[in-house]
Structures are given as structure tokens and as C-alpha cells.
Amino acid sequence: MAHEKSAVLLKAKLGKAMSINNIVILTGAGISAESGLSTFRDNDGLWEKHRVEDVATPEAFKRDPELVYRFYNMRRQALKDVSPNPAHTALAKLEKIHNGSVTIVTQNVDNLHEQAGSEAVIHMHGELNKGRCTGCSGVFAWHLDMDETTPCPTCEQSGGLRPHIVWFGEMPLFMAEIDSILSEADLFMSIGTSGNVYPAADFVAQINALGRAKTVELNLEPSEGNHMFEESHFGPAAKLVPSYVESILKGEAL
Ligand code: OAD
């Protein structure tokens, strides 16, 4: 058949795509856990040590900017000591070898997908290594600490910098682009996310409503929305993801 080298044949299912061209992968904190970054809701997770209301809302930033800067400075610093694990590397390999598109939509604010070599990465919750100026709306690479006195590298005004992070109550980034990518997916994988935070937690329902893509969850344990996935595999991402990627590349992911 005239399929490209690694496009994977799908079982003919009523209304479903016949081959896997477009792969969309939603990732969450679980994919970076084995690199040494804390998840949010597991035992000892970030939200057990810090209250969301204190560090991850616009109100918190208004009330106590110093605490919020410190929280994100600490997390930005922590990125310097971590590297991608085999799960990140396998997804980068998939993007390189698969003949269709492979897009990662990540809730993670770390840069481990990029470090592993993935290029099509959408950070819907922002990025620790970027800053934003509330004065001039500039968004720029940022690898140092920041505080209330740090001048904006674009407009040079102090007092307006904030981490380029989507806080609770704010709109996630790139939603129109994500909606369009989801609508064209033939395979949707969700990796290392608890399914607690919307709109990401709703992607699988959105995909199911279109009836086009196969949906697979790879996670340590069943997520909140596990019943909505066609297939699931449970275990550590660094083990599960490379083996699932191999099965896609061999045409056995069905
Ligand atoms: P959570 O901490 O809510 O969930 C992490 C998931 O990863 C859980 O289901 C764990 O079982 C699973 N997990 C842990 N270790 C794993 C491993 N080694 N391999 C595979 N899975 C593992 O993190 P997220 O779902 O990413 O948002 O959280 C979503 C959003 O909530 C975050 O982006 C953040 C947070 O509040 C904002 O800050 C806006």
C-alpha cells in the first residue's frame, strides 16, 4: 500500500482513521517524575508542600509577590539539575521517525521535552524558562531569578515582570491551535497526568466526540478520566513510553 514508511495501519473501525498519521500526546508531571521533578498531587507532591492559593493564582501574586517569585525561582533553578528520561527521549525519537505529525501538548512548565530533542511542543501552562512583562506584554527567554526589581529586557521598566506561567483562574495558552490539532488526531496519548485540571482533562472527551482517533493512557495509575480511554497501560513512564513508542513504529499499537 502507498503508505509512508512509518505510517501505521489501523484496524478498520467504523468512523475511525485507517492509518495513524497525526499523533497528539498530552503530557503531565508524571513524565518528568523519573527525571527528579516533583509531581503536584502525588504524596510529597508540590501541592502538598505549597498551597495553590499561596503561589499559583493571580491573587497570590498580588498579595505576596515575593513568595510567588521565590516559588518559581526555586523551580526554575531545579531545572538546571535535571535531564530527560527515556520517556522524553522516546517521544523525540517518535517525532523524528514517524512520517506523519507528532505534536506534544504539555501541561509541564519544564523544558525536558525540548532537551530530549522534541520540536513540536506546545506549552499550554507556560514555561519556567520564560518571563512575561505585564507592562509591555513582552514574552522572553529567562533563566535567572526574578523579583519585583528586575527590569524587563524589552521595555526596561521594573516591577512588571512575572513568570510566564498560567495560574489557576487564567486562560491556558494556544487553545485555538490545540483544538485544531486535536480535531485532526488519529492517535491521542495521555502520559503522566492525573486528569484533574481542565481543559486538558477534557481533551479525551473532545477527541471521543469526534470518533476519529484511538485514545491511549500511559500512567502510573488510572487517572480521573481513565474510563474514557480505549486502552491503558499502567507503570512508570520511563518504561512504558519507550515500549509503546516501539509498538507504534512497528505498526503494533493496535
Ligand atoms: P499531577 O501531579 O496532578 O499528576 C501526575 C500524574 O502522574 C499522576 O496521575 C501520577 O500517578 C502519575 N505519575 C507519577 N509518577 C509517574 C511516573 N513515574 N510515570 C508515569 N506516571 C506517573 O500532575 P498533572 O496532571 O501534570 O497546573 O497536573 C496538571 C496541572 O495541575 C499542572 O500542569 C499544574 C497543576 O496544578 C498549573 O500549575 C496551572
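**Notebook: salt bridges, cores, domains, backbone**

I began with the charged side chains, and a network of salt bridges links Arg 51, Glu 53 and Asp 54. I count a salt bridge when a side-chain nitrogen of Lys or Arg is within 4 Å of a carboxyl oxygen of Asp or Glu.

The model is predicted, so I required pLDDT of at least 70 for local features and 80 or more for side-chain atom pairs, while totals for chains, interfaces and linings use all residues. Numbering runs from 1 along each chain as its sequence is written, and side-chain values use heavy atoms, with hydrogens and water left out.

**Entry 1: salt bridges**

I found eight salt bridges in the structure. One of them joins the side chains of Arg 51 and Asp 54, at 3.1 Å from N to O. I then looked up accessibility, where buried means under 20% relative accessible area, exposed means over 50%, and partly exposed is in between (1.4 Å probe, protein chains only). Asp 54 has 26% relative accessibility and counts as partly exposed.

I next took the pair Lys 93 and Glu 246, whose closest N and O atoms are 2.7 Å apart in a salt bridge. Lys 93 belongs to helix H6 (residues 86–97) and Glu 246 to helix H10 (residues 237–249), so this pair ties together parts 153 residues apart in sequence. For the elements I use DSSP runs numbered from the N terminus: helices are H or I with at least four residues, strands are E with at least two. Lys 93 is partly exposed at a relative accessible area of 35%, and Glu 246 is partly exposed at 30%.

Lys 214 and Glu 231 also meet through their side chains in a salt bridge, 2.6 Å from N to O. Here strand S10 (residues 214–219) holds Lys 214 and strand S11 (residues 231–234) holds Glu 231, so the pair ties together parts that are 17 residues apart in sequence. Lys 214 counts as buried, at 4% relative accessibility.

**Entry 2: nonpolar cores**

I define a nonpolar core as a set of buried Ala, Val, Leu, Ile, Met, Phe, Trp, Tyr and Cys residues joined through side-chain atoms within 4.5 Å. The largest has 25 residues, and Trp 47, Ala 56, Tyr 72, Leu 161 and Trp 167 have the most contacts inside it. At least two of its residues come from each of helix H2 (46–49), helix H3 (52–55), helix H4 (58–63), helix H5 (65–78), strand S6 (126–133) and strand S8 (161–165). H5 gives the largest share, four residues. Domain 1 (21–37 + 84–125 + 172–254) and domain 2 (38–81 + 127–165) each contribute at least three residues to this core. Apart from this core there is another, of 24 residues, which includes Leu 91, Met 189, Val 241 and Ile 248.

I listed the contacts of Trp 167, leaving aside neighbours within four places in sequence: Val 55, Ala 56, Thr 57, Pro 58, Phe 61, Val 68, Tyr 72 and Arg 162. Contact means heavy atoms within 4.5 Å.

**Entry 3: domain interface**

I took the domain bounds from an automatic or database domain assignment. The centres of domain 1 and domain 2, over C-alpha atoms, are 26 Å apart. I find 17 residues of domain 1 in contact with 13 residues of domain 2. The two domains bury about 1100 Å² between them, and carbon and sulfur atoms give 61% of that area. Ala 29, Leu 37 and Val 109 supply 43% of what domain 1 buries against domain 2, more than any other three residues. Buried area is the accessible area (1.4 Å probe) that two parts lose on being put together, summed over both.

I count zero salt bridges between domain 1 and domain 2. One residue pair is in polar contact across the interface, both residues at pLDDT 80 or more. On the side of domain 1 that touches domain 2, helix H1 (30–33) and helix H7 (112–116) are the elements that give two or more residues. A polar contact is a pair of N or O atoms within 3.5 Å; within protein, one must be able to donate a hydrogen and the other to accept it, and residues adjacent in sequence count only if both atoms are side-chain atoms.

**Entry 4: backbone**

Most residues other than glycine have a negative phi, and most peptide bonds are trans. I noted the exceptions below. Tyr 198 and Pro 199 are joined by a cis peptide bond, with omega about 10 degrees. Pro 199 is in the loop between strand S9 (187–191) and helix H9 (203–210). Asp 44, not a glycine, has a positive phi of about 70 degrees and sits in the loop between H1 and H2. Ser 137, also not a glycine, has a positive phi of about 70 degrees. Its loop runs between S6 and strand S7 (139–141), and Ser 137 is exposed, at a relative accessible area of 57%.
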